[in-house]
Amino acid sequence: MTSRDVEEQSDVAKLKREADGSFKRQASTFRNFIEKGGKFEPEKGRYHLYVSYGCPWATRTLIVRKLKGLEDVIDVTVVSPRTSPDGWAFGDVDPFPGADADPLYGAQHIKDIYFRADPNFRGRFTVPVLWDKKTETIVNNESSEIIRIFNTAFNGILSKDKGSLDLYPTDLRAQIDELNEWVYETVNNGVYRAGFAASQQAYEAAVYPLFESLDRLEKILQSKDYLVGDRLTEADVRLFVTIIRFDVAYHGIFKCNIRDIRNGYPAIHLWLRKLYWNIPAFKETCKFDHIKVGYYAHDFINPAKIVPVGPLPNILPL
């Protein structure tokens, strides 16, 4: 990969903007890997994943964790979907259905986990966070790398069928990387660049390329179930987390409203619904209440914090 994925910001109201009013992300800080013979060995029960159901970057890791059968290997804690000046809060601080208290340290906010790893940390407090309980530090907070870790690092302790599942197969890597590159820039991150634009010029510079890429994806998915080859890969996971949020959040709150998915893109819409309804890892890690409340809770773009009822249903049946 030539571009580096970076995560949902904890304090969205203070997101950096460049001089032209466009959106700028922060690079992830902790970039370690789990591997045999390394500092972080693949061990059952050693690692803990902190996530938000509202955050697309974090949800990538939940989907791959379930696809790979890692539920009994890596524990998960879910934060509240709402953010504040203190960042992501745990469920006992900001109660919300499906949000958890921190079981390891009784932390109040994700920032407490970062400060435990590095008392001098000065970055933003993002999710996902892959935590090592043995050394009490953060292994990695970059979702694109965490899903690669989950894809291979624990194969030796998984069942044969789960261990053999490869979401980044060697023969398809060049195609996956090429697609991931432009999808990240114009779609995954493009919705944020449109939504957080501080000028008309910056907004239009993001929203038009976004829909050009959706048009391109529509052609790719004609009569196909998967983006690359004839099998599920990480490219599908990475796109899914954006498309599942599109009609319920980005179309409205981020003004990505040239078209919606359900009415404007039949091939993408069918691909989305097949993943959601046919593969439990996608449906079971998708919490629409967390998604909608999370996006509509930011008072600098939605001061009244009114969460829209529609669209109904959140996702259509097959």
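Which residue, with a positive phi, follows α1? Select Gly-69, which comes after α1 and has a positive phi near 70°. Before going further, note that this is a predicted model, in which local features need pLDDT of at least 70 and side-chain atom pairs count only at pLDDT 80 or more, while totals for chains, interfaces and linings use all residues. Residues are numbered from 1 along each chain as its sequence is written, and side-chain values use heavy atoms, with hydrogens and water left out.

**Helix α1**

Now select residues 56–67, which form helix α1 (helices are DSSP runs of H or I of at least four residues, strands are runs of E of at least two, and both are numbered from the N terminus). Because 11 of the 12 residues of α1 are buried, the helix is largely enclosed by the rest of the structure. Buried here means under 20% relative accessible area, exposed means over 50%, and partly exposed lies in between, using a 1.4 Å probe and protein chains only. Among the buried residues of α1 are Trp-57, Thr-59, Leu-62 and Ile-63.

**Thr-285**

Next, select Thr-285, in the loop between α11 (280–283) and α12 (288–296). Thr-285 counts as buried because its relative accessibility is 7%. Leaving aside residues up to four places away in sequence, Thr-285 touches Tyr-53, Thr-59, Leu-62 and Ile-63, where contact means heavy atoms within 4.5 Å. The side chain of Thr-285 also reaches the backbone oxygen of Phe-282 at 3.4 Å.

**The cysteines**

A search of the whole structure finds zero disulfides, a disulfide being a pair of cysteine sulfur atoms within 2.5 Å. Cys-256 is in no disulfide, and the nearest cysteine sulfur, that of Cys-55, is 16 Å away. Cys-286 is likewise in no disulfide, with the sulfur of Cys-55 as the nearest cysteine sulfur, 13 Å away. Both are buried: Cys-256 has a relative accessible area of 0%, and Cys-286 has one of 10%.

**The annotated domain**

Finally, select residues 169–295, which an unreviewed UniProt entry annotates as "domain: GST C-terminal"; such annotations may be inferred rather than shown by experiment. Over residues 169–295 the chain is 72% helix and 0% strand, and the end C-alpha atoms are 34 Å apart.

Key: Polar contact = N/O pair within 3.5 Å; in protein donor to acceptor, adjacent residues only side chain to side chain. Expected span 1.5 Å × (residues − 1).
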